[in-house]
Structures are given as C-alpha cells and as structure tokens.
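Dear colleague,

I am passing a structure on to you. Please look through it before reading the notes that follow.

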Amino acid sequence: MRAIQGIYVIWLRDIIRFFREKPRIIGMIGQPLLYLTIMGTGLASTLRPVQLPAGFDYIDFMYPGIICMSVLFTSVFSAVSIVWDREFGFLKEVLVAPVPRWSVALGKALGGSTISMIQATILLVIAPFIGLKLTFLALIKLWLILFLISFALTSFGIIIASRMETMQGFQVIMNFIIMPMFFLSGAIFPLKGVPGWMEILMRLDPLTYGVDAIRNIFFAGTPAYESMVTFSLTQDLTVIGVMGVVFIILATWSFNYAK
Amino acid sequence: MKVIEVNNLVKKYNDFTAVNNINFSVDEGEVFGFLGPNGAGKSTTIKILSTLLTLTSGKAYLNGYDVQKEPNKVRSSIGLVFQETTLDERLTAKENLVFHAMLYGIPKKIYQKRLQQVLEIVELTDRVDTLVKTFSGGMKRRLEIARGLLHYPKVIFLDEPTVGLDLQTRSRIWEYIHQLRKTEGVTIFLTTHYMDEAENCNRIAIIDNGKIVALNTPEKLKERVSGDIVTMASADNNRLYKRLINEFGLEAEMIKDGVQVETAKGETFIPQLISKLPNEITYISLRKPTLNDVFLKLTGREIREELLDGKEIMRARLGRRSRFK
Ligand SMILES: Nc1ncnc2c1ncn2[C@@H]1O[C@H](COP(=O)(O)OP(=O)(O)OP(=O)(O)O)[C@@H](O)[C@H]1O
Ligand SMILES: [Mg+2]
C-alpha cells in the first residue's frame, strides 16, 4: 500500500512538473520535426541510403527511427532529473520517507515513460501526413511497444543518474552513450550493408530492436517490409522485454545503493 | 523507554572523523538539543539516525530499531526538517505539503485539516498555490518546517530549524511543537545555534569536533559557570587580557570584542577592578551566565562567533541554488 502510494506520488510529481515546463514541451515537438525535415530531406536527396520500392521514400524509413530518438531523449532526460533532485535536496525528502526505495525508482520509471508516451503520441499524429496509414489496431500495438521501449530506456537513465554526482557529467553521457545509441540503432541508416564491426555494435544497441519493432508494425504487409525490417517482431519484443526487466531491476538496485 | 540510543558511534568520511565515539540516549517525549559550532558533527549524527548515511562503527537505535539493519522501520518512525532546503521549488507550496502527506500515508481527511493548521502557524495560508521558487528564503524555511510537522512521528529531527526566521515566527513554531509533544508524545531532536532556542530543551549535549563535551539540563550546564560574567574592553584588549592574568591572577578569556572573566560577586568586583586599572577599561558589563558562556568555557569558542546573522546564513544556504535560476 505504502509502495503504491510512493509510486503514485513520484509519478504524479513528474507529470505535474512536465506540464509546467513550456520550453520543454515546445522542444519536444520541435526537435523531431526538425530532424525529420532537415535530415530526411537532406539525406534522401544526396545519399539514397536505402533501396526502397516505389511509393516509399527515405522519410518513411527514418520516421520510426525519429520516434525512437524522441523517446530515447525524453526518457533519459526525465530519469536524469534525479541528479537535479539530489543537488536541490528534494531527493532527501523522498529517501527518508517511509516508502520502499524500489517504489521510488519504479515511480520515476513510470513517470518518464508516461512523458515519453505523450511525446510518441504527438509524433504518431503526423504519420498520415508523411503518407503512412495506421489502423486502430496498429496504433494500439505501437503504443504498447513504445511504452515498453520508454520504460526500458527510463530505467536505463535511472541507472546512469544514480551514479552521477552532478549535472556536469550529463554532457559526457549524452555524447558517449546516448548519441551513439541513436546513431547505431538503424534509425537513419539500415543495418544491412554496414561493415562487420559496425554491424556488431548495431546488434548490441538495444535501441536497434525498438526501431525495428516499430518498423515491423508500420510496414507489415507492405511491399517495403523486406527492405525496412531486419528482425522478426518476436525477436524485437523479446529483446525489448528482457531489456525492460533487466534495466528496472538494475535501476532499483543502483538507486537503493546510490548514496 | 529510550527512543534514541547511540553507543560508541563513529562516522568517518575517508580519513576525517566527523563523529568521534559519541554516546547518548533520549527519552520518549523529551526535547533533546545538540549544540555545537560549525562542523561539530551535528548534521552527520542526524543523517545517520535517519538512515541517510551509514555509520563507520558503533550502534544506533531509533524507536528500538537498529538504524543499520532496519532502515525501513526507522524511516516509519521519524520526521525531519533538514538544515538545507529539500523542497521541490517547481511545485506549489500545497503540492509540496500534499505529496509529503501522501508519502507518509496520512489519509486525505486528516491531512487537509493539518495542512490548514501548519500553514496558519507559518503564515503561508494565502500563498499555498504559489510556486515555491518564487518564495523568499524565510518563506521557504517556514514551508519546510510546516511540512516537517505534518505527520506525527515518534521522533522529529530539526536541524537548525529556525535559522533566519523572526522571533515571533520562532515562538509560534515552538508553541506548536510543545503542543505536539504533549498531545502526541512526539520526541524532538534539535540542533541549534540560538541560545534562546536551546533553552526549550529538556537536555542539551554540547558537541565539539565530533565529541560530546557535556550533556545535561540547561540549568545544570549553567551551574558549570561559577558566578557572574563580567565583560570588558579597552583600547588594547590584548594588553588588558595579559594584565588580568598576570596582575590579578584571573582566568580571563579573549572574546570577540573584549575580554571576559567569571567572578563570584560581580557587583563588588567591578569597582575594585576599575580602581586598580585606571584609564584602561573603556567598557564593562555584568550579567548572569548563559549557555553561550558554558559553551565558551567547554570549547574555548563562542557559539556566536561562528554565527553569521541569520539572514546571511539563509543567503549562503540559498546562494548555491540561485546559479541555476
Ligand atoms: N559528505 C562529506 N564528505 C566529507 N566530509 C564531510 C561530509 N559531510 C560533512 N563532512 C565534514 O564532517 C564534519 C561535520 O559536518 P556536519 O555537517 O555534521 O557539521 P554540523 O555540526 O552540522 O555543522 P553546521 O553547524 O555547520 O551545520 C565537517 O567537518 C564537514 O566538513
Ligand atoms: Mg549541520
């Protein structure tokens, strides 16, 4: 009971704070659109990174990747606010409260996932505008998959945050972990055809399976399926599921022992 | 029952010993004070008792629970007002209070009533829906205290709770705390720099360099200073100090702006002294001993020496944050 109360308070706080931060909301909508237009148009016209059947273009390929990118950034950023909470003292208020520490970590993971889901939903709204049709069933599937991805990534962010002393370290994390995760996920170029060493890195990147799962839903039954998708949906979901479980356990654990 | 029990407690930060083998216990319903200069180890002790820090050696029990082995039970037994702010500045005052109440499992009906109570005491009723980041330092402190008093735990830790607050607010808060103690049997563990606040305590431990140098009731502690306190100044305080020792054989102490001696009968001592030291003394005063004198005697330092004006402490405390704004 106390645990549920703890989860709820931590979650609710994140949501309230999110809706008060106008610049963050604007950035959240603006950034992916910017990526999609600039990179999508630029890369498509010069490089032709993917061979696609008629009726599909590079934007279609990149769009699921951009959704994942947004979810990645939003989730990690939400989780890393723990570092601020530590610096501003609020974390102490939570740590001496009579709620189990795991409920705090879980509440944080759910809070970050919820915000990521809001982000993802906004992005899904533009799908018809770039020519991708979505059935209601596909939308539900996408939501569930995106929730799993967000949850895993926020938990991943919590693991990082509980080892970070100050916000200064965040730049390093961003440059050496988060950005590579994005670039290696197959979001902007496909896994097929890259050098072997890079393919290994891409297969190790958990986000690869997230991007692939979303493409699985988007392009199921279309002529582009073969060129868009690398793994089966079952494979993708297994990796994402395992990732979610492992990361939340590690997050809870490291949260408990971070001083 | 002893609600707090500390045995041979030691806390080291790397090589530095912040708490050096202290022992004490606190009775249920007691107001127990920790008095000591900056860096004495007061906050460190509180953090250990509230399970935020692990101890290096020794034992500590709170409400009968071992702070190392049963942290969850300890946390259910305590409430805290930290020395530094732990509010969420991007939430409103009310949200801060409600979230606290929810974390501590207080039913809505009860917390709504208490919310009104504590808000009135700290005079923030008309600001409940304002974001905390727009509050002044003193208002934040008041809210912090209000939040700490929302639930009724076994022990409330107050780490320099009223620094920077005006006398009126302080006395209202203290009135409420004493009432909680009577009606709810709450035990208070307090650290402070204010002498008048220390007088609220049933017992006081004076702590210096991580060691407890005295522990007793305020009255008993004051008896340690044998008589009246005579404070004086001259154009050259050093010379005055040396003359008092060499020519009069007195146990003089240098203080901030002068020299101080203890004497059994101040009223007759002063005229004698002045007649024997013509043109030396520019200022002289006589008073009864306070806890500050006890402190000076035991630690060789004045508490007030380290005490900036309350507002300055508040500013120093908040300054670190303003950078982010
Ligand atoms: N995290 C830390 N790492 C290293 N040393 C620390 C740490 N926290 C406190 N100390 C040291 O331990 C000593 C005791 O600190 P503590 O905060 O307990 O003092 P205090 O009695 O509360 O002082 P104040 O009146 O200033 O609040 C100080 O010398 C301080 O520098
Ligand atoms: Mg302190």
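Among contacts in chain B between residues at least 6 apart in sequence, what share joins residues at least 24 apart? The share is 70%, where contact means heavy atoms within 4.5 Å.

This is a predicted model, in which local features need pLDDT of at least 70 and side-chain atom pairs count only at pLDDT 80 or more, while totals for chains, interfaces and linings use all residues. Residues are numbered from 1 along each chain as its sequence is written, chains are lettered from A and ligands numbered from 1 in the order in which they are written, and side-chain values use heavy atoms, with hydrogens and water left out.

Chain B

Chain B has 13 helices and 14 strands; these are DSSP runs, numbered from the N terminus (helices H or I, at least four residues; strands E, at least two). Along the principal axes, its C-alpha atoms fill a box of roughly 70 × 45 × 40 Å. Of the 325 residues in chain B, 55% are buried (under 20% relative accessible area, 1.4 Å probe, protein chains only).

Ligand 1

There are 14 residues around ligand 1, and B:Gly39, B:Lys42, B:Ser43, B:Thr44 and B:Gln83 come nearest (a residue counts if one of its heavy atoms lies within 4 Å). An oxygen atom of the ligand is 2.8 Å from a backbone N or O atom of B:Gly39. For the side chain of B:Lys42, an N or O atom is 2.7 Å from an oxygen atom of ligand 1. A nitrogen atom of the ligand lies 3.3 Å from a side-chain N or O atom of B:Tyr13. Taken alone, ligand 1 exposes 630 Å², and the protein buries 63% of that (Shrake-Rupley method, 1.4 Å probe). Helix 1 of chain B gives the largest share of the shell, three residues.

The two chains

In chain A, 24 residues are in contact with 30 residues of chain B. The area buried between the chains is about 2,700 Å², with 61% from carbon and sulfur atoms; this is the accessible area (1.4 Å probe) that the two parts lose on being put together, summed over both. On the chain A side, A:Phe88, A:Glu93 and A:Val96 lose the most area to chain B, together 25% of what that side buries.

A:Ser185

A:Ser185 sits in the loop between helix 7 (169-183) and helix 8 (196-204) of chain A. A:Ser185 is buried, with a relative accessible area of 2%. Its side chain reaches the backbone oxygen of A:Phe182 at 2.7 Å.

Regards

Terms used:
Buried means under 20% relative accessible area, exposed over 50%, partly exposed in between (1.4 Å probe, protein chains only). A polar contact is a pair of N or O atoms within 3.5 Å; within protein, one must be able to donate a hydrogen and the other to accept it, and residues adjacent in sequence count only if both atoms are side-chain atoms.
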